[in-house]
Amino acid sequence: MTLRTFLARAAVGMLALFAVACSAMKSGALTTGMTPVQAVNAMGQPDLKDSIPDPNHSGASVLRYVWLEPGKAAIFGSDQRLASIQDVETNTKQRVELQARAEAAAPPQQFDPLETPLNYLFFPVKAGLIYFGAGLNCVGGGACQQPQLPSPGSAG
């Protein structure tokens, strides 16, 4: 088998792997008019189920489902149909404070005339390997999500 044939087969195999990984991802999309069962099928079991006062009618209550990971809340109307979708902020203040402390504690990065250009040169390879690993993780039953890429100038 020649090198050209091997590379062509490897490229086709990687494309097939990415196609399977992307098709296996949950869409997680809520649309108005869904029933509670359809919302659970689309987003998974909610982290919080409760009843809140109906904003349109005094004295009545409506069902609310909250998913913390995607940061979504679904409020169902009196007809058990999804009436509104809201974004929910979770622990953003704590995350910002922790990130500020970590940046303050980290030593400043110095420019290395040899390592920094090499980091930029090999960044596409590093990014490709990170996305390939995320695809393998998704196919293997792990969390299907877009990976976080490091900055091109960072080492590691």
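Are Tyr-65 and Trp-67 buried or exposed? Both Tyr-65 and Trp-67 are buried; buried means under 20% relative accessible area, exposed over 50%, and partly exposed in between (1.4 Å probe, protein chains only).

This is a predicted model, in which local features need pLDDT of at least 70 and side-chain atom pairs count only at pLDDT 80 or more, while totals for chains, interfaces and linings use all residues. Residues are numbered from 1 along each chain as its sequence is written, and side-chain values use heavy atoms, with hydrogens and water left out.

**Overall layout**

The protein has 4 helices and 4 strands. Helices (H or I, at least four residues) and strands (E, at least two) are DSSP runs, numbered from the N terminus. Their order from the N terminus is α-α-β-β-β-β-α-α. Of the 156 residues, 21% count as buried. Contact means heavy atoms within 4.5 Å. Among contacts with a separation of 6 or more, 38% join residues 24 or more positions apart.

**Aromatic cluster**

A pair of aromatic rings is described by the distance of the centres and the angle of the planes. Rings of Phe, Tyr and Trp (its six-membered ring) pair if their centres lie within 6.5 Å; planes under 30 degrees apart count as stacked, over 60 as edge-to-face and the rest as tilted. By this rule there are 2 aromatic pairs.

| Pair | Centre to centre | Angle between planes | Type |
|---|---|---|---|
| Tyr-65 and Trp-67 | 6.1 Å | 80° | edge-to-face |
| Tyr-65 and Phe-76 | 5.3 Å | 75° | edge-to-face |

Tyr-65 lies in strand S2 (residues 61-67) and Phe-76 in strand S3 (residues 72-76), so their pair ties together parts 11 residues apart in sequence. Tyr-65 and Phe-76 are both buried. Ring pairs link Tyr-65, Trp-67 and Phe-76 into a cluster.

**The nonpolar core**

A nonpolar core is a set of buried Ala, Val, Leu, Ile, Met, Phe, Trp, Tyr and Cys residues joined through side-chain atoms within 4.5 Å. The largest one has 11 residues: Leu-30, Met-34, Ala-39, Val-40, Ala-42, Met-43, Tyr-65, Trp-67, Ala-74, Phe-76 and Leu-82. H2, S2 and S3 are the elements that give two or more residues to this core. H2 gives the most, with 4 residues. Leu-82 touches Leu-30, Thr-31, Thr-32, Gly-33, Met-34, Ala-74, Ile-75 and Phe-76, not counting residues up to four places away in sequence.

**Helix H2 and its flanks**

Which residues of helix H2 (residues 36-43) are buried? They are Pro-36, Ala-39, Val-40, Ala-42 and Met-43. Seen down the axis of H2, these residues fall within an arc of 165°, so they line one face of the helix; the arc is that of the directions from the helix axis to the C-beta atoms. The buried residues of H2 pack against S2 and S3. The face turned away from the buried side carries the exposed residues Val-37 and Asn-41. Just after H2, Gly-44 takes a positive phi of about 90°.

Thr-35 and Gln-80 are 45 residues apart along the chain, yet their C-alpha atoms are separated by 6.0 Å. Leaving aside neighbours within four places in sequence, Thr-35 is in contact with Phe-76, Gln-80 and Arg-81.

**Charged side chains**

A salt bridge is a side-chain nitrogen of Lys or Arg within 4 Å of a carboxyl oxygen of Asp or Glu. The whole structure holds 2 salt bridges. Asp-50 forms one with Arg-64, the closest N and O atoms being 2.6 Å apart. This pair links strand S1 (Asp-50) to strand S2 (Arg-64), 14 residues apart. Arg-64 counts as partly exposed, at 23% relative accessibility.

Lys-72 and Asp-87 also meet in a salt bridge (2.7 Å, N to O). Here Lys-72 is in strand S3 and Asp-87 in strand S4 (residues 82-87), 15 residues apart. Lys-72 counts as partly exposed at 29% relative accessibility. Asp-87 counts as exposed at 64%.

Asp-54 sits in the loop between strand S1 (48-53) and S2. Asp-54 is buried yet has no salt bridge, and the nearest side chain of opposite charge, Arg-64, is 12 Å away. For charge, Lys and Arg count as positive and Asp and Glu as negative; His and the chain ends are not counted. Beyond its neighbours within four places in sequence, Asp-54 is in contact with Ala-60, Ser-61 and Val-62.
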